[in-house]
Amino acid sequence: MKKLLRYSMGCWMALTAAAVLPACDDDEAAVQVPAYVYPSKMEVKLSPELEQYVYLDETGTPVLPMMKGTSASLDFEITPDTVTYRDVKWTSSDESVATVDADGTVTAVSGDGRGYAVIQVAPVPLYAGSGIYGTLKVAVANTLVEAEEVSIEAAGAKVYAGEQLQLTATVSPANATYRTVKWTSSNEEVATIDAKGVVTGKKYAQNHVPVTFTATTLDGTRVAKKVTIVVDQVVDPEQVTIGADYDVESGYRCAINEKTLMLKFTTVPEDCTLSQLVWSSSDESIATVEGGVVTFNQDGTFGDVTISATCPTTGASSATTLRLDAGLVRELFRNEQNVTWRDAKQSGNNTSTATEWHDGYVTVTTYKQNDTAQRADFKCQSAKTWLHAGNYPIFAIRMDDVADLYKSKGCTARNITLDAVGKAGDTDFKGGLDGNNNKWLHDYKCSDGSHVFIYDLSTQKWATGGVLPTTSVATFTAMQFKYADMKTLTEQVTYNVYWVQTFRTIEDLQQYIEGEGLTYEVIK
């Protein structure tokens, strides 16, 4: 708002003096001393036409770009609105870059687009040093650096009616004089977009309507970029049904090391607004849920948890009960973002190990252990592994045996040891299971050439601690298969690992292998 009143310094001083006059005699009317309202905040204000050119610099400070010789009229806002005096003073931090007159008109003098002047508006000198002022950074360019390209980053691919979505435009090159854009919508009945790139979906008769938003540069070059966003209407689910695939009654058991589980569910109508569903967990110490994705705790809390989905507006509801089983380990390499087993990051002789993920298995590269041997231990990356020798005593890994895989290259030996560090109650368990090298209980060679190395946690002893208890959970902070002394191999090789799991019985393990479509022969 422009200044409506101006008071000279002398008038201000005179009024201030009047405020301290002595009171009149008792028989005279009391003198009414005016209550002065002082400013508490000031801001520089720009017209919408100027505001569209303002960008944020690398420090997050708003910058108004100007060409040499041009002028811009600035305004100010003073808080509170009831302030007694509105006299202000405009100043420039560098008049060789830009000047400003008493009315807030800025004139661009000279600059390379990088130098700047800070334009300040503050109360009249009576308040100098009060720290109450508003500023605007002005960058002046002698020569226009034209925009060459515009890119758009969208916070999503769709927006619901009544909701908002942020679009962000970036003008190249980075030193372009004018770095902002003008936004337009191809269908404002369906969605609008403001000067800051905020898209707002609107209620409309049709659902899933695509709207194209265009960002056009403001420097006269009219360089433009388009992006299409789908506008969805909010449709409440009339029915929701969570599938029974993972329900405890179906016999499925959840493994804590898998960390997450995506529930399968259907709705009526099929294309309803899924965000209208409210998901909840009966016991968040076991698992939480959001959008149908269940996240298991990593604190070792096991048991049953009921996951529910409800639409408050229609009353539609469904639930499933999951069982997070103590002692169940299941790594099938189906989630690249959550691979809990991989190489142990070893190196030597100018070589190092590595793991490459594939859907359903990983490929491990060895490092040169010495001139005649390779090594690549396979390690659990989770902070903790929980085993229960009573619930899931069979610990197995299906992997390539390099002694078979590289027999033609002269590999005649290798050593495999299941090695770990853990604790059950007050007892520590450390070292190799049942000794050191090649102490598995069984070795099954599968029809695809892979091997299943099998251990029994209820009978085999750890080097320290002996056999695990069968009535409680053991917590391990380190666990790996030491895979070493691959002789004689002078160059790095690879081997595949297909899964690491625990089973209740040998029969369960055998059924699992057969369920993969494999046959096997017992080597040991």
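Predicted model: local features only at pLDDT ≥ 70, side-chain atom pairs only at ≥ 80, totals over all residues.
1. Setting aside neighbours within four places in sequence, Gln 233 is in contact with Tyr 160, Ala 161, Lys 202, Lys 203, Tyr 204, Gln 206, Asn 207 and Thr 273. Gln 233 sits in the loop between strand S18 (224-232) and S19.

2. Is Gln 233 buried or exposed? Gln 233 counts as buried because its relative accessible area is 11%, and the cut-off for buried is under 20%.

3. Next, please have a look at Asp 247, in the loop between strand S19 (239-242) and strand S20 (260-262). Asp 247 is buried yet has no salt bridge. The nearest side chain of opposite charge, Arg 253, is 7.7 Å away.

4. Which residues does Asp 247 touch, then, leaving aside its neighbours within four places in sequence? They are Tyr 252, Thr 320 and Thr 321. With Thr 320 there is a side-chain to side-chain polar contact of 2.8 Å.

5. Finally, the largest pocket, with a volume of about 660 Å³. Its lining comprises 25 residues, and those nearest the centre are Tyr 252, Arg 253, Glu 258, Arg 330 and Leu 332. Two or more lining residues come from each of S20, strand S27 (330-331), strand S44 (494-503) and helix H4 (506-515).

Definitions and conventions
Residues numbered from 1 in each chain as written. Heavy atoms only, no water. Helix = DSSP H or I, 4+ residues; strand = E, 2+ residues; numbered from the N terminus. Buried < 20%, exposed > 50% of the residue type's maximum accessible area, 1.4 Å probe, protein only. Lys, Arg positive; Asp, Glu negative; His and termini not counted. Salt bridge = Lys/Arg side-chain N within 4 Å of Asp/Glu carboxyl O. Polar contact = N/O pair within 3.5 Å; in protein donor to acceptor, adjacent residues only side chain to side chain. Contact = heavy atoms within 4.5 Å. 1 Å grid on protein atoms, 1.4 Å probe; cavity = no way out; pocket = protein on both sides within 12 Å on 5 of 7 lines; lining within 4 Å. Points joined across faces, edges and corners; volume = space filled by probe spheres on them.
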